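Morning, everyone. Please bring up the model on your screens, and I will walk you through it.

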Amino acid sequence: MIYLTEIGIAGGGSDSFPYSVPSIGHPRVIRLHSPVTCLVGANASGKSTLLEAIAIKSRRIVVGGKSLDQDDSLDAIRPYARNLKLTWSRRTGKGFFFRSEDFFNFMRRNKELSAELGDLAERFKDEPLARGSLLGQKNALDSRYGDLNSQSHGEGFLRVFKSRISSGGLYLLDEPEAALSPQSQFSLLYLIREMVNDREGAQFIIATHSPILMSLPGAQILSFDGGGISEEEFDNLDHVQLYRRFLGNPGRFLDMLFSE
């Protein structure tokens with residue numbers, strides 16, 4: 001299902017950020033024709049900035065971080081977001097915005113809280129009611145997010161994705177591959193495919209450097225390199241060609257790299 005069908009970017013007539021970013025600083029309309037859209041490009045090319053603006057404009061909830069209204073790091077983007085025009089086939093309030101850096105902090109805080117609750121329960125071992133209440137809170141936290149003190153960040157990522165992604169939502173993911181092994185990226189890819197193919201369906205817009213996530217059949221790929229936004233085929237992407245050159249002959253590739 002494609003809920004968000006167009007993103008209209010208005011020119012700001014300003015040289016300040018984010019209008020100073022060539023790919024997103026000028027008027028244009030981006031048409032989305034797939035339930036999965038991958039935003040690709042070098043760092044600082046504008047893909048994550050546009051994703052943040054879409055999140056603000058569509059009022060997504062945030063997984064792991066401050067609410068979009070309270071996040072000071074987004075202050076420069078809010079005026080830009082207000083000028084976006086989002087066109088919907090059917091507006092949905094379901095879904096969330098996910099940034100990997102927020103989630104690292106989120107998992108760390110929850111691990112610390114789980115450990116603190118366990119320590120407090122030990123202190124109150126002679127007071128059954130207090131101990132039971134503390135252990136109940138710890139078990140509820142661990143039940144929702146897994147064993148926080150033994151699982152990796154990647155396992156935590158996947159657990160949250162599996163528990164919180166459902167049909168009928170718009171999901172904005174900023175570099176979700178950051179803590180995922182290649183195997184875990186394939187697990188996420190499978191989950192996205194299942195959600196897209198569900199009866200009601202879900203929509204994903206993903207800013208990513210991962211060729212694995214870009215490879216989903218039928219995904220729309222928008223490149224932010226070259227000072228604009230252009231639709232590209234998977235096989236033509238610089239990311240993909242670079243990985244193929246390396247994996248085809250790592251020794252030769254590294255010899256050439258180190259000889260430069």
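One definition to begin. A polar contact is a pair of N or O atoms within 3.5 Å; within protein, one must be able to donate a hydrogen and the other to accept it, and residues adjacent in sequence count only if both atoms are side-chain atoms. This is a predicted model, where local features need pLDDT of at least 70 and side-chain atom pairs count only at pLDDT 80 or more, while totals for chains, interfaces and linings use all residues. Residues are numbered from 1 along each chain as its sequence is written, and side-chain values use heavy atoms, with hydrogens and water left out.

So, arginine 60. Its side chain reaches the backbone oxygen of threonine 92 at 2.7 Å. The side chain of arginine 60 also reaches the backbone oxygen of serine 58, at 3.1 Å. Where does arginine 60 sit? In the loop between α1 and β4. Helices here are DSSP runs of H or I, at least four residues; strands are runs of E, at least two; both are numbered from the N terminus.

Is arginine 60 buried or exposed? Buried, with a relative accessible area of 5%. Buried means under 20%, exposed over 50%, partly exposed in between, with a 1.4 Å probe and protein chains only. Contact means heavy atoms within 4.5 Å. Not counting residues up to four places away in sequence, arginine 60 touches several residues, including Trp88, Phe96 and Leu170. Arginine 60 and leucine 170 are 110 residues apart in sequence, yet 8.4 Å apart in space, C-alpha to C-alpha.

Now the whole protein. There are nine helices and 10 strands. Buried residues make up 48% of the 260 residues. Take contacts between residues at least 6 apart in sequence: 74% of them join residues at least 24 apart.

Next, the sheet. Seven strands form an open sheet, in the order β4-β6-β7-β8-β3-β9-β10, with mixed pairing. β4 (61–63) and β10 (230–232) stand at the edges with a single partner strand each, so one side of each has no neighbour in the sheet. The twist averages 25 degrees from one strand to the next. Two strands pair if DSSP finds at least two bridges between them. β3 (36–40) and β8 (203–207) pair in the parallel sense, over four bridges. Leucine 39 has alanine 207 as its bridge partner in β8.

Two helices lie across these strands. Helix α6 (182–197) lies across β3 and β8, at about 150 degrees to β8. Axes are lines fitted to C-alpha atoms, for helices over the stretch in contact, and angles run from 0 to 180 degrees between N-to-C directions.

On to the rings. Rings of Phe, Tyr and Trp (its six-membered ring) pair if their centres lie within 6.5 Å; planes under 30 degrees apart count as stacked, over 60 as edge-to-face, the rest as tilted. That rule gives five aromatic pairs. Tyrosine 171 and phenylalanine 204 have ring centres 5.4 Å apart and planes at 25 degrees, so this pair is stacked. Tyrosine 171 is in β7 and phenylalanine 204 in β8, 33 residues apart. Both are buried. Ring pairs link Phe96, Tyr171 and Phe204 into a cluster.

The peptide bond from phenylalanine 17 to proline 18 is cis, with omega near 5 degrees. Alanine 44 is not a glycine, but has a positive phi of about 70 degrees. Alanine 44 is exposed, at 79% relative accessible area.
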